[in-house]
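Biologist: Let's go through this one together. Please put it on the screen.

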Amino acid sequence: MTMQTKPENDTDLRLKVNRETARLQWSELEKHFAAGTVVYVANELDLVEVAVRISHDDKATIVQWMADGKVMKVSDQQAQSWQESDASLWAVVVNPFILVQQEKPSLH
């Protein structure tokens with residue numbers, strides 16, 4: 001039986017993912033979208049947390065997020081909207097995927 005590290009205790013991975021998270025223009029992501037590797041993460045989720053869970057192959061959580069529509073491949077309509085507005089998105093690579101999230105609205 002293998003012991004899996006609990007994602008919530010994986011400080012080193014969280015720090016690594018956080019350092020690798022960057023803002024990118026949609027135009028820089030379009031070729032990856034065309035390859036089917038861009039995944040949308042809803043604003044109510046923490047992008048770093050989603051990346052860590054995927055890294056740990058936490059299928060139960062990921063399947064639930066997908067069922068709830070909180071994690072999904074970027075739709076053609078969303079891609080077109082982001083292209084038209086040249087949206088700036090938060091992005092992080094979790095091979096083979098690029099997770100993207102729109103900037104969260106400020107609470108001011």
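Biologist: Where is Glu28 found?

Modeller: Glu28 sits in helix α2. Helices here are DSSP runs of H or I with at least four residues, strands are E runs of at least two, and both are numbered from the N terminus. This is a predicted model, so local features need pLDDT of at least 70 and side-chain atom pairs pLDDT 80 or more, while totals for chains, interfaces and linings use all residues. Residues are numbered from 1 along each chain as its sequence is written, and side-chain values use heavy atoms, leaving out hydrogens and water.

Biologist: How far apart are Glu28 and Ser88?

Modeller: In space, 9.7 Å from C-alpha to C-alpha. In sequence, Glu28 and Ser88 are 60 residues apart.

Biologist: Back up to α2. At what angle do α2 and α5 pack?

Modeller: At about 155 degrees, with the axes 10 Å apart. Helix α5 covers residues 76–85. Axes are lines fitted to C-alpha atoms, for helices over the stretch in contact, and angles run from 0 to 180 degrees between N-to-C directions.

Biologist: What does that make α2 relative to α5?

Modeller: Roughly antiparallel. Under 35 degrees counts as roughly parallel, over 145 as roughly antiparallel, 65 to 115 as roughly perpendicular, and the rest as oblique. The crossing of α2 past α5 is left-handed. Left-handed means that the near helix is turned anticlockwise from the far one by less than a right angle; clockwise is right-handed.

Biologist: Which residues meet there, in α2 and α5?

Modeller: From α2, Trp26, Glu30 and Phe33. From α5, Asp76, Ala79, Trp82 and Gln83. Contact means heavy atoms within 4.5 Å.

Biologist: Now α1 and α3. At what angle do they pack?

Modeller: About 125 degrees, with axes 9 Å apart. Helix α1 is residues 11–20, and helix α3 is residues 47–55. So α1 is oblique to α3. In this pair, α1 passes α3 in a right-handed crossing.

Biologist: Which residues of α1 and α3 meet?

Modeller: Leu13, Arg14, Val17 and Asn18 come from α1. The α3 side brings Val48, Glu49, Ala51, Val52 and Ser55.

Biologist: What does Ser55 touch, leaving out residues up to four places away in sequence?

Modeller: Leu13 and Val94. Ser55 and Val94 are 39 residues apart in sequence, with C-alpha atoms 6.8 Å apart. Ser55 is partly exposed, because its relative accessible area is 41%.

Biologist: Switching to loops. Where does Thr37 lie?

Modeller: Between α2 (26–34) and β2 (38–41). Thr37 counts as buried, because its relative accessibility is 19%. A polar atom of its side chain lies 3.1 Å from the backbone oxygen of His32. Not counting residues up to four places away in sequence, Thr37 touches His32, Pro96, Phe97 and Ile98.

Biologist: Which residue does a cis peptide bond join to Pro96?

Modeller: Asn95, with omega about 5 degrees. Pro96 is in the loop between β4 (88–94) and β5 (97–102).

Biologist: What about phi at Asp57 and Asp86?

Modeller: Asp57 has a positive phi of about 55 degrees, although it is not a glycine. Asp57 lies in the loop between α3 and α4 (59–67). Asp86 also has a positive phi, near 45 degrees, and lies in the loop between α5 and β4.

Biologist: Last one. How do the elements run from the N terminus on?

Modeller: α-β-α-β-α-α-β-α-β-β. That is five helices and five strands. Of the 108 residues, 36% are buried.

Methods
Buried < 20%, exposed > 50% of the residue type's maximum accessible area, 1.4 Å probe, protein only. Polar contact = N/O pair within 3.5 Å; in protein donor to acceptor, adjacent residues only side chain to side chain.
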